[in-house]
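Please open the model in a viewer and keep the selection panel at hand. The stops below are given in the order in which they may be selected.

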Amino acid sequence: MKFIGTQVFLFLATIAGSAIILAYSTTDSSVQPLIRQTMLRFISTSEHPHSSAALKLIQESIGCCGADGPNDYMVMRQPLPTECRDTVTGNAFFHGCVNELTWFLEDKSVWAAVMAMILAAIHTANTVLGIVLVQALKREEEAMYRR
């Protein structure tokens, strides 16, 4: 019976974890203000190597500029870095990193949540089949003792 309780707990934890992943990685979630705050802090301290490297990595790999767009640099009186520009056209990226990172996380988290749900369903099916097998073995054992 302890085994079944553990399986139920694992199934519920997987479902809850999937829901949390989807809730905190989508548009208008609580992660967006955190991303905005971090990006603005990186822009304001862009003279430090750590901040500069982080900005470069995020803006180049995601294809975004500033927290909410290129105007963030102008408001903070910072020069617009080359990482904020499309390498082909030379135009600044229109979207800020808050939206781009949220869309990126949302896309990836959907796959993670779907995989977790599939694994939870497989785990549940294995548990049910294991219980059925144990019961069948007990019945067979009882039938052998009766002979």
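Is V132 buried, partly exposed or exposed? Select V132, in helix α5: V132 is partly exposed, with a relative accessible area of 46%. Buried means under 20% relative accessible area, exposed over 50%, and partly exposed in between, with a 1.4 Å probe and protein chains only. Helices (H or I, at least four residues) and strands (E, at least two) are DSSP runs, numbered from the N terminus.

The model is predicted: local features need pLDDT of at least 70, side-chain atom pairs count only at pLDDT 80 or more, and totals for chains, interfaces and linings use all residues. Residues are numbered from 1 along each chain as its sequence is written, and side-chain values use heavy atoms, with hydrogens and water left out.

The chain over residues 110-137 is 100% helix and 0% strand, and its end C-alpha atoms lie 40 Å apart.

For the surface, select I21, L22, V110, V114, M115, I118, L119 and I122, a nonpolar patch with about 650 Å² of accessible area together. The elements that give two or more residues to this patch are α1 (2-24) and α5 (97-146), and α5 gives the most, with six residues. Patches are made of residues with over 30% relative accessible area and no salt bridge; like charges are joined within 9 Å, and nonpolar side chains (Val, Leu, Ile, Met, Phe, Trp, Tyr) within 5 Å. Accessible areas come from the Shrake-Rupley method with a 1.4 Å probe. L22, in helix α1, counts as partly exposed at 34% relative accessibility.

Move to D68 and R36, which form a salt bridge with the closest N and O atoms 3.0 Å apart. D68 lies in the loop between α3 (49-62) and α4 and R36 in helix α2 (residues 31-44), so the pair ties together parts that are 32 residues apart in sequence. The count is one salt bridge, defined as a side-chain nitrogen of Lys or Arg within 4 Å of a carboxyl oxygen of Asp or Glu.

Finally, select R77, in the loop between α4 (71-75) and α5. Phi of R77 is near 55 degrees, a positive value in a residue other than glycine. R77 is exposed, with a relative accessible area of 77%.
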